[in-house]
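Please read the following points with the structure open beside the text.

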Amino acid sequence: MSGSSPASTPSSNEGATARVEIGSESYDMPVRSGTVGPDVVDISKLYGQSGHFTYDPGYTSTASCESKITYIDGGKGELLYRGYPIDQLAEQGTFLETCYLLLWGDLPSREEYKDFEARVTQHTMLHEQMYRFYTGFRRDAHPMAIMVGVVGALSAFYHDSTDIQDEHQRMVASYRMIAKMPTIAAMAYKYSVGQPFIYPRNDLDYSANFLNMCFAVPCEAYDVNPVLARAMDRILILHADHEQNASTSTVRLAGSSGANPFACIAAGIACLWGPAHGGANEAALNMLEEIGTVDRIPEYVKRAKDKSDPFRLMGFGHRVYKNYDPRAKVMQQTCHEVLETLDIKDAPRLKVAMELERIALEDDYFVEKKLYPNIDFYSGITLRAMGFPSSMFTVLFAVARTVGWIAQWQEMITDPSHRIGRPRQLYTGPTERDYVTVDQRG
Ligand code: SDX
């Protein structure tokens, strides 16, 4: 196949064609350009014309959709939400403002923001019967198991916002998801530590309310530390969306069948749980604790490079970023701010993390494979310092990513050309053969 080379700026190849030659036959596929980023070869007609599928397990070279929401330039280490750089949003904006941006495509006016915040605040409480739903879980259930179960069950309690053909119901479901995820997550945490649930408070902003629901107890006053609330808000912004990552692709695929939004988000949570994806923050902290001291780092770096050893440096590497993950830089700054605020100066994990990063960034293996710290590398240290157990790290990721999943799901559902996602395969199993009765099988 000949065509345009990978590009990270708009190219003039729109209207060009890529020619696929199979034997004596050739097939011309249209090349399409986005506003920025690599062009695509539209192969949707290839099978109909040539009887051939393309083959791309892991989708390393495949665009699954057209989207206007988030753009990543992996080579430059850039991330844009609706065109705005992630570091500017994290440093100057709020998470709810980012939610509005991801959902509607532009930053809200003062009035629009006030209305949006009021609507989200009105939806933070959970149906009272769901409180009993939690007691069905074993008391030592992993909070992510509770999240998958409770979010999947939301359609049983909020059946009046499951008709995806109804624009109003889609919007109500979107507000409910964004508003209730912190409540559901905080309840999953409280249940796992055996403490009473804390109701949402409408006088607190989104992140302060979340921290209050997690760490307040009924028997004494609890004041949310504003520095920690700001850090939480920034962490949510960093994790809000990330184009067609595994869990977002899961939500899109589930949504393409017409499944209700709560079921789609539950599918996304299940996928996010994997250690190669959202579970990496928990795995990264566990790795730093296992390494323990700086003098043991070389042993683990050696293992990470050993092909016969399944060990990998958790929080390092990325399918798209072949440069420093821009979120990791903001995460590292936030980590230092939180540790300083909490007066945690000699955090051994931070010392190990910073030395591990220094060594890895100078090591030929990591340099050659373009393996840099990703967002999960510093998030665990930060969240642990804030008081969260590592079992809650991916839950927090899910709270943040819910708005991204919802925005991407809305974009797909409202695209009149969307169809059910149904990949094909390269079949290498047995060809047709006749049934043999058991007495003839020997
Ligand atoms: C997230 O997609 C997203 O956008 C995800 C995310 C989001 O916001 O949604 O950014 C969130 O999931 C971040 C990634 C968190 N995962 C981890 O930190 C787990 C550790 N990282 C690796 O498992 C890996 O880097 C992945 C899964 C992140 C990426 O895997 P790829 O793109 O399939 O890369 P690969 O496995 O093909 O690796 C390429 C090479 C391999 O060596 P070779 O076979 O070419 O010799 O790099 C090596 C790998 O062995 N490698 C690593 C490594 N990551 C890749 N070697 C050691 N340690 C690592 N961490």
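1. The protein chain carries 43 positive and 55 negative side chains. Lys and Arg count as positive and Asp and Glu as negative, while His and the chain ends are not counted. The centres of the two sets lie 3 Å apart, the place of each charge being NZ of Lys, CZ of Arg, CG of Asp or CD of Glu.

2. This is a predicted model, in which local features need pLDDT of at least 70 and side-chain atom pairs count only at pLDDT 80 or more, whereas totals for chains, interfaces and linings use all residues. Residues are numbered from 1 along each chain as its sequence is written, and side-chain values use heavy atoms, with hydrogens and water left out.

3. The radius of gyration, taken over C-alpha atoms, is compared with a globule rule of 2.2 Å times the number of residues to the power 0.38. For 442 residues, a compact globule would have a value near 22 Å, and the 24 Å of the protein chain agrees with this.

4. Of the 442 residues in the protein chain, 47% are buried, that is, under 20% relative accessible area (1.4 Å probe, protein chains only).

5. The protein chain contains 18 helices and six strands; these are DSSP runs, helices (H or I) of at least four residues and strands (E) of at least two, numbered from the N terminus. Strands E1 (residues 17–22) and E2 (residues 25–32) run antiparallel and are joined by six bridges; strands pair if DSSP finds at least two bridges between them. Glu 21 stands opposite Ser 26 in E2. Two residues separate E1 and E2 in this hairpin, and Gly 23 in the turn has a positive phi of about 60 degrees.

Technical notes. Buried means under 20% relative accessible area, exposed over 50%, partly exposed in between (1.4 Å probe, protein chains only).
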